[in-house]
Amino acid sequence: MPLNVFDQFRQTTSRDGAGYQRVVRRGTVSGPDATAYFESRTTEEFQAQYPSPDFTVQRSVTVSNDLAAVEYELSAEGQNAATIPGVEGSVLGRSLTSVRRGAGLRKIRTVRREAVTSGDPWALADALRQSENTPYEERVFVTVAPRGGARVIQTFVESADGSDLLEWRQYLEDRKGAARTLAHSYPGAEPVYVEGPLEGGVRVQRGYAIGLRRFPREPEPISAEFAALPVIRFEVLNDWEWKTSWKYVLSARSAELPAGALSGLGRPGAPQFYGTAAL
């Protein structure tokens, strides 16, 4: 998903005993490319998931005056008696998927699936789990009688643009002051100092980035004149969020900032990471 467009939605699937299925997806696409994204991604992906002639797809769309937001409802109806592979006598019931924007660059996706079975309900619960990546949170409910059933609710943390970068913050501080210079010193008396402008000063470039099960690489310093050793820190916040922080103390001999120093503080267009996607 492009960083300047976000599709926030809630999708519900209901089924009856005969296998008739109805899917309703309601959402809002926001951003400067909202209308193009809705037509090329949202609609096409929904139609590919529920193809004709098995399903009849309908849609209702409202576009804002500035074309920067699309509110929509997509629905699909058709016959599809869904079963769970590997679970005897299973029938898939209601399911729900919702996507919302989290803090920073996080995308929070919640999936809820329900099913019944004449076989082992614990095997059914295992089969309902989506294992394409590790869930941030998972809840499992199992019923044994009068008929076996299971409900699985999983929440996944993902990056909004698919880059695995969840958060990026960077700051630049200019530190200036006065220098004390010894003017006179007499035996038995306090020394006399004068204050004048500090020649140059220091600039502190600091920040942090959080990756999805990967450590983001720190940015390059805005200059190569270090006034202290650079500090790079790696921290695993939890199983999903891995943090890299940095601090550069740089000499500032000129009052002018290096060319591009401020524009380079923002999130990188192509984030880089250390190593592989797991420790």
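A salt bridge (a side-chain nitrogen of Lys or Arg within 4 Å of a carboxyl oxygen of Asp or Glu) joins the side chains of Arg59 and Glu39, at 3.1 Å from N to O. Arg59 belongs to strand S3 (residues 55-63) and Glu39 to helix H1, so this pair ties together parts 20 residues apart in sequence. The model is a predicted one, in which local features need pLDDT of at least 70 and side-chain atom pairs count only at pLDDT 80 or more, while totals for chains, interfaces and linings use all residues. Residues are numbered from 1 along each chain as its sequence is written, and side-chain values use heavy atoms, with hydrogens and water left out. Helices (H or I, at least four residues) and strands (E, at least two) are DSSP runs, numbered from the N terminus.

The whole structure holds 16 salt bridges. Another of them links Glu241 with Arg106, whose closest N and O atoms are 2.8 Å apart. Glu241 lies in strand S14 and Arg106 in strand S6, so parts 135 residues apart in sequence are tied together. Buried means under 20% relative accessible area, exposed over 50%, and partly exposed in between (1.4 Å probe, protein chains only). By this scale Glu241, at 13%, is buried, and Arg106 is buried at 9%. Arg59, in contrast, is partly exposed at 44%, and Glu39 is partly exposed at 39%. Arg106 and Glu241 also belong to a salt-bridge network with Glu167.

Strands pair if DSSP finds at least two bridges between them. Strand S12 (residues 202-212) runs antiparallel to S14 and is joined to it by 11 bridges, with Gln205 partnering Tyr248. Strand S13 (residues 231-236) also pairs with S14 in the antiparallel sense, over 6 bridges, and Val231 stands opposite Lys247. S13 and S14 form a hairpin with 4 residues between them.

Helix H2 (residues 121-128) has the buried residues Pro121, Leu124, Ala125 and Leu128. These cover an arc of only 100° around the axis (taken from the directions from the helix axis to the C-beta atoms), which puts them on the same side of H2. The face turned away from that side carries the exposed Trp122 and Asp126. Strands S5 (90-101), S6 (106-117), S7 (137-143) and S8 (148-159) are what the buried residues of H2 pack against.

Methods
Contact means heavy atoms within 4.5 Å.
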